[in-house]
Amino acid sequence: LKQNQRMASCCPKGSIGPKEGVTGKVKTPEQLLVPHPKGRMITANGLEIYESGSVESKTCVIVLPEVWGIASGRLRNIADRLGDAGHYALLPKIQPNSPFGGWENDGYGSTSMDENLFIWIDKELNWEKTKVRLQKVIEVASANGSRKVGVMGHCWSTWALFRASGEFGDAIACGVNCHPSVRLEEWLFKGNQYELAEKVNCPMALFAAGNDVDDVKPGGAFQKILSQKPFGKDCVFVEFPDMQHGWVTRGNDLGLVIKRDVEKALKLALEFFDKNLRTQNSKL
């Protein structure tokens, strides 16, 4: 693919760029507004994982990172919010460090979204490798007593969530997709994103930015496909027209409108997980 085509495969034009999260010393005025992470790093099943909440919870939410890894933006804070809500939250390092050196030796280190990024995704984040890592994280959740597992993906990792839902059976009970880039299936991995959606086995929530593609928005192709599923009525599609792709994890905390829609997305995510992990058809 040409470079401009590869760029279109993940983040649309006008997307929010990479932003380092607060993991240690506060470096910017914006970071003063971000809660300090309250979880802890563990090593389990061969993976480094940020863990938040109680292992005694019977519900687990796996938070999948963006290409810049678990230190990107507010990912740790999202895991903490899930932990505070009573879920056992796991934010795993499922991306090997790139040649550019990612934050905390995790993910893609360069801030430039150029051809090298998509070469790295194709080599290191293809399904054969990602599948093994995700299975390991689910095994960690099960080993700690989680009876139902949800997954929250961001950008490229929403593609991984769709793939996992289609292949892991009932191991994943539901999924939340923030600024989805499921079209990675076509643009980079030469598959068919609509056929991928047909294979989804659980309720999904899709939160789309204004500049995301129409397929992932209310009334788009994915809603039409998922609405035909037995769980179609439980799927949620919400557009945030004032937002740019990446706002949930990387939107500027100094922006009042961004802050409003970050909170709205997280509130909807918590409600979705509560409904699908704890109440509806729950064996808990």
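Arg 260 is partly exposed, at 43% relative accessibility. In this predicted model, the side chain of Arg 260 forms a salt bridge with that of Asp 242, with an N to O distance of 3.1 Å. The two residues belong to distant parts of the chain, 18 residues apart: Arg 260 lies in helix α10 (residues 256-279), and Asp 242 in the loop between β8 (236-240) and α9 (247-250). Asp 242 has a relative accessibility of 53% and counts as exposed, because the cut-off for that class is over 50%.

Helix α10 also holds a pair of its own. Asp 274 and Arg 278 meet there through their side chains in a salt bridge of 2.7 Å, N to O. About one helical turn separates Asp 274 from Arg 278, because they are four residues apart in helix α10. Asp 274 is partly exposed at 28% relative accessibility, and Arg 278 is partly exposed with a relative accessible area of 30%.

The side chains of Lys 93 and Glu 48 form a salt bridge, 3.6 Å from N to O. Lys 93 has a relative accessible area of 14% and is buried, whereas Glu 48 is partly exposed at 41% relative accessibility. In total, the structure contains 18 salt bridges.

Note on methods:
Residues are numbered from 1 along each chain as its sequence is written. This is a predicted model: local features need pLDDT of at least 70, side-chain atom pairs count only at pLDDT 80 or more; totals for chains, interfaces and linings use all residues. Side-chain values use heavy atoms; hydrogens and water are left out. A salt bridge is a side-chain nitrogen of Lys or Arg within 4 Å of a carboxyl oxygen of Asp or Glu. Buried means under 20% relative accessible area, exposed over 50%, partly exposed in between (1.4 Å probe, protein chains only).
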